[in-house]
Amino acid sequence: MEEVAKGVSSLSPEEGEENATQKGKIWCLQRVGKESGWLRLFENTEVTIGRGLNVTHQILSVSCPLMISRNHCMFKQREHGQWTVTDNESLNGVWVNGNRISPGKPHVLQQGDIVRFGVPLDGNPVEFEYVLLRSSLDKIKDFLTKTAEAEVKALTSRPKKSKRKFGTDETEPNSTPDSKPKRYRVSNTDKSHSLPCPMAATQPDQAGPSEPSGCFASCSDSSQHLTTLKRYSENLKALKKRMGATQKRAAELEGQEGSSLEQQQEMEVLQEQMKLLRGELNSQQELARQRIEILERSVCEEERRLAMERSQEKEDGLKKQLEEALKEHRRVIEELKHEREGFQEVLQAKDKELEVTKEEKERARAQKEEVVTQMTEVLENELQCIICSELFIEAVTLSCAHSFCQHCIEDWRRRRDECPICRQPIVSQARSLVLDNCIDRMVENLSTVMRERRTALIGQRKGERSAQSTFCRTGCDPGR
């Protein structure tokens with residue numbers, strides 16, 4: 001193992017980069033001490049390893065079927081080409097360069113690192129130990145292991161072994177005349193060391209390890225599989241105990257000096273029994289492994305069935321939620337419809353109020369126009385100077401009680417000193433502030449044109465008055 005690691009790690013960084021750029025180079029896990037069983041690491045994908053069926057590479061332990069978990073670990077390549085390994089909370093862990101990595105956390109690997117799956121048993125080396133390397137596909141393709149699917153397919157298509165028919169002495173083709181197992185065929189006449197046939201180990205699988213599918217077809221319940229596995233475990237313990245006793249007896253015979261012929265024969269018998277026990281142990285382990293595979297299949301099928309049931313339950317739940325959402329949507333639509341009807345009623349009432357308000361405004365405007373018209377008539381009839389036909393400007397009331405503009409009556413008295421209306425002599429005249437204030441207030445409500453006209457007329461008369469005063473001061477007769 002150390003030589004392999006040194007040979008791989010002896011590559012310089014420059015050589016590693018050059019090899020990385022060459023075509024046909026692949027990453028793989030080289031199994032230590034084995035010429036086959038190498039695992040290829042596919043780039044740009046997650047490579048899973050375990051004893052289950054739904055993994056990239058399926059590895060099965062011969063010494064301990066439960067040493068490797070169903071989904072033991074996962075290898076993944078990062079963007080810059082560096083590989084990482086993640087322990088998927090396996091029972092016996094993943095070891096890198098002799099140290100166990102933390103479960104669930106990716107551990108960065110370097111070329112030449114030694115990766116171990118599981119732990120050693122009974123002082124034996126670890127069964128699955130690999131070295132991370134990169135090499136040409138053409139050189140190592142013969143050493144690569146098959147994928148999990150190919151192994152399962154090969155296992156199920158394994159040819160059946162010939163066996164003796166039950167209840168008869170006839171044998172099937174390719175069978176020997178003596179169908180008695182090797183364990184119970186002893187050449188020595190002394191049968192004292194031969195072992196009885198273990199009925200508990202053979203009765204559960206009378207068809208033998210060659211027909212696991214036919215034997216396990218009736219065992220649909222997982223509890224039966226577990227019971228059978230427990231029975232296999234007990235049988236394995238019993239076989240190991242017998243092997244221990246046989247090894248102990250053989251060690252005692254080897255330790256005795258000057259062994260006789262009987263002891264030598266007994267030693268040969270013990271050695272033969274050891275071989276048979278090893279064969280029986282291997283067959284029992286193979287049966288247990290096949291049982292585990294069948295149990296794994298049933299577990300996977302049960303997981304798929306449960307996943308389908310969960311997805312169906314989710315779909316049913318989504319359908320119920322959708323129906324409830326549709327009901328809630330319809331309810332909201334009905335509420336909105338009722339609210340819309342209420343809003344329409346409110347809008348109609350507001351429209352009626354607006355119409356009433358509009359009519360009132362029109363009525364008020366008509367009344368205002370009527371008042372303005374009447375006021376204008378009053379101004380034109382009662383507050384208008386008869387001389388200039390304009391509203392009084394600086395109104396003056398004569399002794400006869402008739403009123404005129406101050407400018408107009410002064411201009412009139414230059415020609416005649418009598419009232420323009422009643423022809424009575426003018427004895428006196430006085431300003432009428434009441435009329436001026438009343439006319440000014442009423443003019444504010446008149447149109448802009450009439451106000452501007454009155455303002456221009458007042459300015460004109462002021463100008464004429466200032467001109468007349470100038471002429472009077474110079475002594476000129478303003479009438480000439």
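**How confident is the model?**

The protein chain has a mean pLDDT of 77, with 75% of its residues at 70 or more; pLDDT is the predictor's confidence in each residue, from 0 to 100. This is a predicted model, in which local features need pLDDT of at least 70 and side-chain atom pairs count only at pLDDT 80 or more, while totals for chains, interfaces and linings use all residues. Residues are numbered from 1 along each chain as its sequence is written, and side-chain values use heavy atoms, leaving out hydrogens and water.

**Confidence along the chain**

- Confidence is highest in strand S6 (residues 83–87), at a mean of 96, and lowest in helix H5 (residues 199–202), at 38; helices (H or I, at least four residues) and strands (E, at least two) are DSSP runs, numbered from the N terminus.
- Over residues 1–22 pLDDT stays under 50, and the model has 16 contacts beyond four places in sequence for them, where contact means heavy atoms within 4.5 Å.
- Residues 158–220 also have pLDDT below 50, with 74 contacts in the model beyond near neighbours in sequence.
- Where pLDDT is low, the predicted coordinates should not be read in detail.

**Aromatic pairs**

- The structure holds three aromatic pairs: rings of Phe, Tyr and Trp (its six-membered ring) pair if their centres lie within 6.5 Å, and planes under 30 degrees apart count as stacked, over 60 as edge-to-face and the rest as tilted.
- Phe75 and Phe117 make an edge-to-face pair, 6.5 Å centre to centre with 70 degrees between the planes.
- This pair links distant parts of the chain, with Phe75 in strand S5 (residues 73–77) and Phe117 in strand S10 (residues 114–117), 42 residues apart.
- Phe75 and Phe117 are both buried (under 20% relative accessible area; exposed is over 50% and partly exposed in between, with a 1.4 Å probe and protein chains only).
- Ring pairs join Phe75, Phe117 and Tyr130 in a cluster.

**Around Gly37**

- Gly37 sits in the loop between strand S1 (25–31) and strand S2 (39–41).
- With a relative accessible area of 17%, Gly37 is buried.
- Apart from its neighbours within four places in sequence, Gly37 contacts Arg31, Tyr130, Phe143 and Thr145.

- Buried residues in H10 are Leu435, Asp436, Ile439, Met442 and Val443.
- They cover an arc of only 135 degrees around the axis, which puts them on the same side of H10; the arc is that of the directions from the helix axis to the C-beta atoms.
- On the other side of H10, Leu433, Val434, Asn437, Arg441 and Glu444 are exposed.
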